[in-house]
Amino acid sequence: MQTLHNAENFYPEDFDFIAVSLARMNYQGRKVNVDQVAAGMSEACRLRFLDNYRNYLSHFTDGAVC
């Protein structure tokens, strides 16, 4: 199994799936430490991941995503 420590082996869709999954979990009230998840990513991946995460979370909280 790959880990986020080898972030260069992941495709952008993988991070997108993780971002939307964590945003949904956060919206549902589950405790999610997004910074810990992103800690092993390169700076560019981390910034893109966190931006996508915040975007998805805002969609959930605004009711735009079911």
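In helix α3, the residues C45, F49, L50, Y53, Y56, L57 and F60 are buried, where buried means under 20% relative accessible area, exposed over 50%, and partly exposed in between, with a 1.4 Å probe and protein chains only. They cover an arc of only 135° around the axis, which puts them on the same side of α3, the arc being that of the directions from the helix axis to the C-beta atoms. The model is a predicted one, in which local features need pLDDT of at least 70 and side-chain atom pairs count only at pLDDT 80 or more, whereas totals for chains, interfaces and linings use all residues. Residues are numbered from 1 along each chain as its sequence is written, and side-chain values use heavy atoms, with hydrogens and water left out.

**Helix α3**
- The face of α3 turned away from its buried side carries the exposed residues A44, R54 and D62.
- The 20 residues of α3 should span 28 Å at 1.5 Å a residue, and its end C-alpha atoms are 28 Å apart, which agrees; the expected span is 1.5 Å times one less than the number of residues.
- After α3 comes G63, whose phi is positive, near 80°.

**Nonpolar core**
- The largest nonpolar core has 15 residues, of which A23, M41, F49 and Y53 touch the most other members; such a core is a set of buried Ala, Val, Leu, Ile, Met, Phe, Trp, Tyr and Cys residues joined through side-chain atoms within 4.5 Å.
- Two or more residues of this core come from each of α1 (12-27), α2 (34-38) and α3 (43-62), and α3 gives the most, with seven residues.
- Leaving aside residues up to four places away in sequence, A23 touches Y53, Y56, L57 and F60, a contact meaning heavy atoms within 4.5 Å.

**Salt bridge**
- The count comes to one salt bridge, defined as a side-chain nitrogen of Lys or Arg within 4 Å of a carboxyl oxygen of Asp or Glu.
- R46 forms a salt bridge with E43, with the closest N and O atoms 2.9 Å apart, and since the two are three residues apart in helix α3, about one helical turn separates them.
- R46 is partly exposed, with a relative accessible area of 24%, and E43 is likewise partly exposed, at 47%.

**Whole protein**
- The secondary structure comes to three helices and zero strands, helices (H or I, at least four residues) and strands (E, at least two) being DSSP runs numbered from the N terminus.
- Of the 66 residues of the protein, 27% count as buried.
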